[in-house]
Amino acid sequence: MKYNLNFSLNLERHEHCVIYNEKEFTEKPIQISVPDIVELVEQFLKSFEEVAITEQLTSSPTPSKEKFKEESSAQGKPLIDSKSGIKPNSLRVVAAKAYICQSKDLDKKVLEQFCSDLTKYVQDGCSQISPENFLSEQVNLYVAGLREVLEIRNYLARYTKSKKKNYQNGYLYVVNL
């Protein structure tokens, strides 16, 4: 499993759905894919709200009943489900699942625990690397994990510790890939 960590300055929400808008993100996402780091992120995400990501729907006028009858007759099949009365084009398509948390609402104890877990990973990872195995493939996973931890650290420091009001009102936004 993989995750993308991003920060959004403004989320358009409709109940438990978030409208995807790439322009609202502050920068490119950080990909988290090292298994040990993914586990730590999954623990951190338990304090986040789970939402569905949908695409922006275009607002088009609703066709009249007459037009539905004409199109239905022409195609030989109904355009409206007679049982539910729902038009197919009125449904939202869920593109993915995400976890969101407003920066100012982030639980400080959960953040401290996450930072503690990441620090432990750094210490353990560094202890596995020695001059003898520094260039070997056996430490590639540790090096990749250390890189991810440093990126996460920089990201969280920038967006959760900032005094800027727009960052405090922004959202940590993690997408499950």
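Predicted model: local features only at pLDDT ≥ 70, side-chain atom pairs only at ≥ 80, totals over all residues.
Side chains of opposite charge can pair when their charged atoms come close. In one of them, the side chains of Glu 49 and Arg 13 meet with an N to O distance of 2.5 Å. This pair joins distant parts of the chain, since Glu 49 belongs to strand E5 (residues 49-54) and Arg 13 to strand E2 (residues 12-14), 36 residues apart. Glu 49 is partly exposed, at 29% relative accessibility, and Arg 13 is likewise partly exposed, at 29%.

Another salt bridge is formed by the side chains of Lys 120 and Asp 124, at 3.0 Å from N to O. Both residues are in helix H3 (residues 108-128), where they are 4 residues apart, or about one turn of the helix. Lys 120 has a relative accessible area of 48% and is partly exposed; Asp 124, at 36%, is also partly exposed.

In helix H4 (residues 140-160), Glu 151 and Arg 147 are separated by about one helical turn because they are 4 residues apart. The closest N and O atoms of this salt bridge are 3.5 Å apart. Glu 151 is partly exposed, with a relative accessible area of 30%, and Arg 147 is partly exposed at 43%.

Asn 176 is located in strand E7 (residues 171-176). With a relative accessible area of 19%, Asn 176 is classed as buried, because the cut-off is under 20%. Leaving aside residues up to four places away in sequence, Asn 176 contacts Met 1, Lys 2, Tyr 3, Lys 97 and Tyr 99.

Terms used:
Residues numbered from 1 in each chain as written. Heavy atoms only, no water. Helix = DSSP H or I, 4+ residues; strand = E, 2+ residues; numbered from the N terminus. Buried < 20%, exposed > 50% of the residue type's maximum accessible area, 1.4 Å probe, protein only. Contact = heavy atoms within 4.5 Å. Salt bridge = Lys/Arg side-chain N within 4 Å of Asp/Glu carboxyl O.
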